[in-house]
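Me: Got a model open and want a quick tour. Can you walk me through the fold?

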Amino acid sequence: MKKVYISRHAGRPLLEFLVQQGYEINTVTEYGIINQFTTDIDKTLGLIKNEDGSLSSTRSIHVDRRIATHADIYMCQLGLWNEAGIFVGDPEKLSREYPGDIIYNAVCTRDYFFHLIEKTDPELMNSFVSWRRSLRPESRPGSSDSPHDDTKVIGIRQGYARCMCLPVDNESFITSDEGIYRPLEAQGAKVLLIEPGHIKLDGFPHGFIGGTAGNIYLNSGELTDQRAIIFNGDLSVHPDFKRITAFIKSRNILPVWFESYALEDIGSILSVE
């Protein structure tokens, strides 16, 4: 079954759309992950009822509460669409202060892996290497199954790589951060640099494009489903809306958004087919 990992603060129109497209919703909460198959939610999340009827949890929140439901803080999507896997990190390794909260917040596609490499959790890097080896080598002269022969591993100075950058396909990205834009472009990636801001993120001045969106398949009724980038909220209000949608469409990918509520950073929409 197709699965998506997404914050409990995601918009209802987005969630309903994902269910219609056949995705199992795995909801990221402050205390753990639940879905429609979770039989005892209170036990899974360590919830207890207080004397006044309110709920609290026996579990700790390891990161800033403002980002404690963000999927890309706890896990990393390895690859896109049919190649995708999900690395789930250990919340006990996280901490409230930067860079203790960014150890899993990398961007990974078949062609590129980039992050604040010296702070990347070693288990994530090991999983990336194993995942990359598991892919069939591309059929071209001289290709091999070594993950570093076909994937460019790039160290950047931005720890919140996945928050700040939306992977459009294996070699195309959208970001408002010049510290991501410059090294990626220098390595041959196709990168659209957009205006920062214009994205909601509770508790912060603004959010970021990577945290609003994710890569999914739309049910097309054909042999090959349509690749899409889906956004949490109204992308059309962004001043670079036309440039963003044109860039996505130029890669034969369909942008999907919801005009009924504000564009909001919820810590990415991570999917696995």
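Reply: Here is the tour, starting with the overall picture.

Me: What kind of model is it, and how are residues numbered?
Reply: This is a predicted model, so local features need pLDDT of at least 70, side-chain atom pairs count only at pLDDT 80 or more, and totals for chains, interfaces and linings use all residues. Residues are numbered from 1 along each chain as its sequence is written, and side-chain values use heavy atoms, with hydrogens and water left out.

Me: How many helices and strands are there in the protein chain?
Reply: The protein chain has eight helices and 17 strands. Those are DSSP runs, numbered from the N terminus: helices are H or I with at least four residues, strands are E with at least two.

Me: And why call it as compact as a globular protein of that length?
Reply: Its radius of gyration is 18 Å, close to the 19 Å from the globule rule for 273 residues, so the protein chain is as compact as a globular protein of that length. The radius is taken over C-alpha atoms, and the rule is 2.2 Å times the number of residues to the power 0.38. Along its principal axes the C-alpha trace spans about 70 × 40 × 40 Å.

Me: What share of the residues count as buried?
Reply: 55% of the 273 residues. Buried means under 20% relative accessible area, exposed over 50%, and partly exposed in between (1.4 Å probe, protein chains only).

Me: Which residues touch the most other members in the largest nonpolar core?
Reply: Leu14, Leu18, Ile174, Ile230, Phe231 and Ile244, in a core of 37 residues. At least two core residues come from each of β1 (2-7), α1 (12-20), β2 (23-29), β11 (165-169), β14 (213-218), β15 (226-231) and α8 (241-249). A nonpolar core here is a set of buried Ala, Val, Leu, Ile, Met, Phe, Trp, Tyr and Cys residues joined through side-chain atoms within 4.5 Å.

Me: What is Ile244 in contact with, leaving aside neighbours within four places in sequence?
Reply: Ile174, Leu192, Ile194, Ile209, Phe231, Leu235 and His238. Contact means heavy atoms within 4.5 Å. Apart from this core lies another, of 27 residues, including Val63, Ala68, Tyr74 and Cys108.

Me: Sheets now. What order do β14, β15 and β16 take?
Reply: β14-β15-β16, an open sheet with mixed pairing. β14 and β16 (254-256) are the edge strands, each pairing on one side only. The twist averages 35 degrees from one strand to the next.

Me: How many bridges join β14 to β15?
Reply: Six, and the two strands run antiparallel. Ala213 has Phe231 of β15 as its bridge partner. β15 and β16 pair in the parallel sense over three bridges, with Ala228 opposite Leu254 in β16. Two strands count as paired if DSSP finds at least two bridges between them.

Me: Which helices pack there?
Reply: α1 packs on the sheet and touches β14, β15 and β16, its direction making about 160 degrees with that of β15. α8 lies across β15 and β16, running at about 140 degrees to β16. Axes are lines fitted to C-alpha atoms, for helices over the stretch in contact; angles run from 0 to 180 degrees between N-to-C directions.

Me: What about the sheet with β8, β9 and β10?
Reply: That open sheet has the order β8-β9-β10, with mixed pairing. Its edge strands are β8 (107-108) and β10 (152-155). A hairpin of three residues joins β8 to β9. β8 and β9 (residues 112-115) pair in the antiparallel sense over two bridges, whereas β9 and β10 run parallel, joined by four bridges.

Me: New topic. Is His9 buried or partly exposed?
Reply: Partly exposed, with a relative accessible area of 42%. His9 sits in the loop between β1 and α1.

Me: What does His9 contact, leaving aside neighbours within four places in sequence?
Reply: Thr69 and Ile266. The C-alpha atoms of His9 and Gly267 are separated by 9.8 Å, though the two residues are 258 residues apart along the chain.
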